[in-house]
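Good morning, and thank you for coming. Please look at the sequence and the structure as I bring them up.

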Amino acid sequence: MLVDFYLPELRSRLRKIQEVGPALGTALAEALTRPVHAAEQLKASLVPLDRAHNDLTSAVDAMRDQIVALSNAIQLEKAKSSGK
C-alpha cells in the first residue's frame, strides 16, 4: 500500500481504520436483518451500528489530523530551508 511506502507514520492509523471498518458493515447488516417489533427494540438494534459508525469516524478523523500535521510540518521545513 502507498501509505507503507510514502508515509509509514500513518500505518497505525490505517490499521485502525482497517480494523473498525468491517464492524460498520456487520452492524449495518445485523440492524437491517433483525426483526423489530417495538420502538425500544429498534433503538437497541441501532446502538451497535451507531457505535461502529462513531469508531470508524474517529479512526478516519485521527488519520486526517495526522496527515494535516505531517503536511504542516513539511511546509514549515520548506519555509525554513528556503529562508521564508
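I shall speak about the helices and then about the core. Please keep in mind that this is a predicted model.

Let me begin with helix α3, which covers residues 39-82. With 44 residues at 1.5 Å a residue, α3 should span 64 Å, and because its end C-alpha atoms are 63 Å apart, the two values agree. Along α3 there is a kink of about 30° at Val47, shortly before the proline Pro48. After α3 comes Gly83, which has a positive phi, near 80°.

Which residues of α3 are buried? They are Ser45, Leu49, Ala52, Leu56, Ala59, Met63 and Gln66.

I turn now to α2. This helix has 23 residues and reaches 34 Å from its first C-alpha to its last, close to the expected 33 Å. Its buried residues are Leu14, Ile17, Val20, Ala27 and Ala31, and their cover includes α1 and α3.

Finally, the core. The largest nonpolar core consists of eight residues: Val3, Leu10, Leu14, Ile17, Val20, Leu56, Ala59 and Met63. Two or more of these residues come from each of α2 and α3. In soluble globular proteins, nonpolar side chains tend to be buried together.

What does Leu10 contact, leaving aside neighbours within four places in sequence? Leu10 is in contact with Val3, Met63, Gln66, Ile67 and Leu70.

Terms used
Residues numbered from 1 in each chain as written. Predicted model: local features only at pLDDT ≥ 70, side-chain atom pairs only at ≥ 80, totals over all residues. Heavy atoms only, no water. Helix = DSSP H or I, 4+ residues; strand = E, 2+ residues; numbered from the N terminus. Expected span 1.5 Å × (residues − 1). Bend = angle between axes of the 7 residues up to and from the residue. Buried < 20%, exposed > 50% of the residue type's maximum accessible area, 1.4 Å probe, protein only. Core = buried A, V, L, I, M, F, W, Y, C linked by side-chain atoms within 4.5 Å. Contact = heavy atoms within 4.5 Å.
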